[in-house]
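Subject: Structure for you

Hi,

Here is the structure I promised. My notes follow below it.

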Amino acid sequence: MTAQQDVTQQDDIHTTAGKLADLERRTDEAVHAGSARAVEKQHARGKKTARERIDMLLDEGSFVELDGLARHRSTAFGLERSRPYGDGVVTGHGTVDGRRVCVFSQDFTVFGGSLGEVFGSKIVKVLDLAMKIGCPIIGINDSGGARIQEGVVALGLYADIFFRNVRASGVIPQISLIMGPCAGGAVYSPAITDFTVMVDQTSHMFITGPDVIRTVTGEDVGMEELGGARTHNSRSGNAHYLASDEDDAIDYVRALLSYLPSNNLDEPTTFDEPADFAPREADLDLDRLIPDSANQPYDIKRVVEAVVDDFLEVQPLYALNIVIGFGRVEGRPVGVVANQPMHFAGTLDIAASEKAARFVRTCDAFNIPVVTFVDVPGFLPGTGQEWDGIIRRGAKLIYAYAEATVGKVTVITRKAYGGAYDVMGSKHLGADMNFAWPTAQIAVMGAQGAVNILYRGELARAEDPAALRTELINEYEDTLANPYIAAERGYVDAVIAPSATRAQVTLALRTLRSKRETLPPKKHGNIPL
């Protein structure tokens, strides 16, 4: 640009038309902040840009950007030579299916999505807005970490974000999408949020990367094995859904939002769908579902999908011995917790207990009733479980059910043994409506184990131990391990035919819509963490 052209442009800016043209130029620069080469590399990795992701998530034309013209002010290490508008993160609000949400989307094409003062301040600002107006916040993470040139200021902004995540917890739904790298301190924001969605092969989360681990501990591990999407969905439990690609991740988040209220004072979105109680084929199939052998597994998801509509599973690859997710009954969202006999016979272990406890607390925070399906032979035995803290960590599930004030409906389909009976939404922990199928076995332990303990001497002296054992097992099941003893005590409200489960659960949830329960005044409880 010549000196004369520069003077002419400066003169034009002083006119109204010039000011509008200047705004248009700056806005265009903000929209195209990442270089064409950087955008091309992003696409080559199978990743969308920050703005493309927002366009996929929000209703068409609904996005309102905030701080699009914000720029960093740092002069350290030559940063003053590059001051792109937006500073590497796009923030704003829009709608999903017509409901207001706030969003931030980190832009890897600008400074590698690294977080500096202005970048962090923009996220803080949109988090504050979400709290003020009471709407969900969706964070799209794709960042190289803290901006080294900005030093402790970047670290301070991470902490400012964490602080707001904690304050927003249980007030507004918080959802994290991991669409690229998320390392170091950055991982703690997604860890605090309610749901984390990762994309196979392109998402990574870890505190320290493979190179640091190799240097410090000598372990040789790759990025994918250490912190890939499959690792966090199946091993660590840090993620709640493994998406096949970014479109799948966005679709899951949009579906998830449909079950959640905008905030803890609002009711979840409902659809007027009165139930038809005429038995359907899926209902009648439940009468034939439970095998004659107590040791033979069956798929609990068949029960869940017969009772609730539109079941959306959460953490489907983690702790497979328990199933959690959202469904609808008469068009109203419900949370589902169910033991899965197909894996570890449905026993509760550390992972299953924590998975279910966190989900129950999430439902309770957002006024979503919980339906529990029980088929649990007990807690998983073993030194590994004991030494890793099954007592403390299993107690989280007790705490979650006992603390929850939403409507709680429990159905015992088969086994409910020992302490696991208590833990899984029992009447004693505050469940409102408890039902049992005729196949339910509610007892301190299974018949075979009980007989071996109670009649050890008689069996040792018997001429035909096998016949006596069979006789004693039948007697134990007839007199103790059945639902009618619990029903006599009022621990079970009704023994129902499996085919009547949908109708009974629906009527129970109708009754509980007006439930009002409060906890004793206190600052907060002390959950066994």
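The helix pair first. Helices here are DSSP runs of H or I, at least four residues, and strands are E runs of at least two, numbered from the N terminus.

Please note that this is a predicted model: local features need pLDDT of at least 70, side-chain atom pairs count only at pLDDT 80 or more, and totals for chains, interfaces and linings use all residues. Residues are numbered from 1 along each chain as its sequence is written, and side-chain values use heavy atoms, without hydrogens or water.

α4 covers residues 50-57 and α11 covers residues 246-257. Their axes come within 9 Å and cross at roughly 45 degrees. Axes are lines fitted to C-alpha atoms over the stretch in contact, with angles from 0 to 180 degrees between N-to-C directions.

Which residues of α4 and α11 meet? From α4, they are Arg53, Met56 and Leu57. From α11, they are Glu246, Asp247, Ile250, Val253 and Arg254. Contact means heavy atoms within 4.5 Å.

Now the whole protein. It has 22 helices and 17 strands. The C-alpha atoms fill a box of roughly 110 × 60 × 45 Å along the principal axes. Of the 529 residues, 51% are buried (under 20% relative accessible area, 1.4 Å probe, protein chains only). Among contacts between residues at least 6 apart in sequence, 73% join residues at least 24 apart.

Best wishes

Terms used:
Buried < 20%, exposed > 50% of the residue type's maximum accessible area, 1.4 Å probe, protein only.
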